[in-house]
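Work through the exercises below with the model open. Try each task before reading its solution.

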Amino acid sequence: MHAWPASEVPALPGKGRDLRIHDTATGGRVTLAPGPVARIYVCGITPYDATHMGHAATYNAFDLVQRVWLDTKRQVHYVQNVTDVDDPLLERAIRDGIDWVGLAERETALFREDMTALRMLPPQHYIGAVEAIPGIVPLVERLRDSGAAYELDGDIYFSVEADPHFGQVSNYDTELMRHLSAERGGDPDRPGKKNPLDPMLWMAAREGEPSWDGGSLGPGRPGWHIECVAIALDHLGMGFDVQGGGSDLIFPHHEMGASHAQTLTGEFPMAKAYVHAGMVALHGEKMSKSKGNLVFVSKLRRDGVDPAAIRLALLSHRYRDDWEWTDEVLETAVERLGRWRAAVSRPDGPSADALVEELREALSDDLDTPTALAAVDRWAELQTAEGGTDESAPGLVSRAVDALLGVAL
Ligand code: 5CA
Ligand code: ZN
């Protein structure tokens with residue numbers, strides 16, 4: 001699949017700091033000091049509806065991770081998937097009486113447009129589940145042949161007991177795992193499973209559903225977790241720097257994915273940090289396609305909202321916090337964007353060297369965007385109240401806000 005066009009990331013004077021970020025697996029901060037190429041995998045959308053503010057907030061967090069790395073003069077190797085075949089997508093296509101392939105293509109195209117408008121950096125590899133199937137089949141065969149997976153009425157399940165490190169991403173207890181498994185695509189109550197938590201690796205072809213050649217597995221389609229693992233191992237290998245997604249992916253998705261990868265390779269851990277963004281709510285409930293309480297990026301754009309203001313609205317919250325989308329969040333962002341633009345449009349201003357360092361410090365401190373925004377607010381306030389004589393300052397502020405926050409002033 002093709003991704004979307006990259007916006008320029010201006011180079012800033014000096015060098016950024018190494019990222020200290022919260023790792024779900026260890027429950028504490030880790031300092032990530034990758035080599036010259038940092039490696040990140042971010043779970044992509046299931047394209048059956050348009051990009052909402054929750055998605056946008058999650059992708060914003062991982063865009064910032066990359067901007068911090070780029071500012072340390074590293075390259076970034078970024079991989080993202082599209083879950084372009086899965087139960088919710090097929091169910092929506094049946095509900096709306098449309099072709100599932102067309103639905104996935106349409107919503108993926110809209111997602112690309114939204115990401116471009118929001119200046120999110122594109123992945124180098126943007127891979128659909130369907131195109132990953134030829135790589136998934138041999139992995140499932142290997143798991144089965146090594147005894148880490150078993151067959152149940154033609155379906156293949158992963159045995160969570162095969163990974164001695166199972167449970168070390170979420171650190172959830174069995175009861176919570178079981179509950180979340182039922183809620184998020186698993187089938188803990190299916191009779192005949194070795195462990196209720198075992199997730200499906202390969203689903204044998206069902207009447208009326210699409211299926212693909214699975215070699216010795218028979219025709220069918222892949223499970224959700226092995227999809228991301230196959231893509232990540234293919235393009236990043238083991239021990240990559242960040243596995244990212246929203247906090248609803250901690251269990252089962254990232255737990256199971258890590259177990260698949262660790263069992264396949266015998267290496268641990270799959271990722272140096274498991275990083276999760278908080279959930280964005282609307283009217284007191286998590287924004288979700290299945291509930292339908294959504295604010296779409298594309299709708300706001302159609303209504304004439306500047307994408308830079310949408311981005312500032314996302315940045316006004318700390319990525320790990322759960323927060324509520326309200327009209328006021330957007331109004332504040334629109335107003336702030338106006339103030340910042342007015343401040344950088346003057347020919348000179350107060351020195352911005354300290355501001356650049358403040359931005360770097362705030363972002364490297366577990367992506368502390370509220371502190372970063374407050375620092376720019378202070379510079380803009382000083383500019384408005386007193387002005388300054390540094391001719392390079394407005395340009396430097398504009399470049400720093402673009403490079404580090406992805407906001408074009
Ligand atoms: N295709 C899978 C990942 S492989 C999937 O979860 N797709 S999704 O479309 O449901 O979600 C895409 C990303 O947005 C995930 O990282 C998910 O955690 C995140 N996300 C979904 N809803 C919200 C929300 N309300 N707030 C924040 N992030 C969200
Ligand atoms: Zn995923």
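**Exercise 1. A residue ahead of the strands**

Is arginine 17 buried, partly exposed or exposed?

Solution. Arginine 17 has a relative accessible area of 28%. Buried means under 20% relative accessible area, exposed over 50%, and partly exposed in between, with a 1.4 Å probe and protein chains only. Arginine 17 is therefore partly exposed. Its place is the segment before β1 (19-23). Helices (H or I, at least four residues) and strands (E, at least two) are DSSP runs, numbered from the N terminus. Now look across the chain. Arginine 17 and serine 364 are 347 residues apart in sequence, yet their C-alpha atoms are 6.1 Å apart in space.

A note on conventions: this is a predicted model, in which local features need pLDDT of at least 70 and side-chain atom pairs count only at pLDDT 80 or more, while totals for chains, interfaces and linings use all residues. Residues are numbered from 1 along each chain as its sequence is written, chains are lettered from A and ligands numbered from 1 in the order in which they are written, and side-chain values use heavy atoms, with hydrogens and water left out.

**Exercise 2. The zinc site**

Find which residues coordinate the zinc ion (ligand 2), then assign the geometry.

Solution. Start with the donors: N, O and S atoms within 2.8 Å of the metal (3.2 Å for Na, K and Ca); water is not among the atoms, so sites may look incomplete. Cys43 (SG), Cys228 (SG) and His253 (NE2) coordinate the zinc ion, at 2.1 to 2.2 Å. Their spacing in sequence is C-x184-C-x24-H. Cysteine 43 sits in the loop between β3 (37-42) and α1 (53-71), and histidine 253 in helix α7 (residues 250-265). The two are 210 residues apart, so this pair links distant parts of the chain. Both cysteine 43 and histidine 253 are buried.

Next, the angles. Four donors count as tetrahedral if all angles lie between 85 and 135 degrees. For reference, the ideal angle for four tetrahedral donors is 109.5 degrees.

**Exercise 3. The shell around ligand 1**

Describe the residues around ligand 1 by class, by element and by polar contact.

Solution. A residue counts as near if one of its heavy atoms lies within 4 Å of the molecule. There are 24 residues around ligand 1; Gly44, Thr58, Thr83, Asp248 and Lys289 come nearest.

By class, the shell has 9 nonpolar, 12 polar and 3 charged residues. Here Ala, Val, Leu, Ile, Met, Phe, Trp, Tyr, Cys and Pro count as nonpolar, Asp, Glu, Lys and Arg as charged, and the others, Gly among them, as polar.

By element, α1, α6 (224-235) and β10 (240-246) each supply at least two residues. The largest share, 4 residues, comes from α1.

Now check the side-chain N or O atoms.

- Threonine 58: 2.8 Å from a nitrogen atom of ligand 1.
- Threonine 83: 2.7 Å from a nitrogen atom of ligand 1.
- Aspartate 248: 2.5 Å from an oxygen atom of ligand 1.

The protein covers 95% of the 600 Å² of accessible area that ligand 1 has on its own. Areas come from the Shrake-Rupley method with a 1.4 Å probe.

**Exercise 4. Backbone exceptions**

Which residues are joined by cis peptide bonds, and which residues have a positive phi although they are not glycine?

Solution. Recall the background: most residues other than glycine have a negative phi, and most peptide bonds are trans.

Take omega. A cis bond joins phenylalanine 251 and proline 252, with omega about 5 degrees. Proline 252 lies in helix α7. Another cis bond joins phenylalanine 268 and proline 269, with omega about -10 degrees. Proline 269 is in the loop between α7 and β11 (271-277).

Take phi. Arginine 119 has a phi of about 60 degrees. It lies in the loop between α3 (100-117) and β5 (125-128) and is partly exposed at 22% relative accessibility. Asparagine 171 also has a phi of about 60 degrees. It is found in the loop between β7 (155-158) and α5 (174-183). Its relative accessible area is 47%, so asparagine 171 is partly exposed.

Notes: Four donors count as tetrahedral if all angles lie between 85 and 135 degrees; four count as square planar and six as octahedral if opposite donors are over 155 degrees apart and all others between 65 and 115; anything else is irregular. A polar contact is a pair of N or O atoms within 3.5 Å; within protein, one must be able to donate a hydrogen and the other to accept it, and residues adjacent in sequence count only if both atoms are side-chain atoms.
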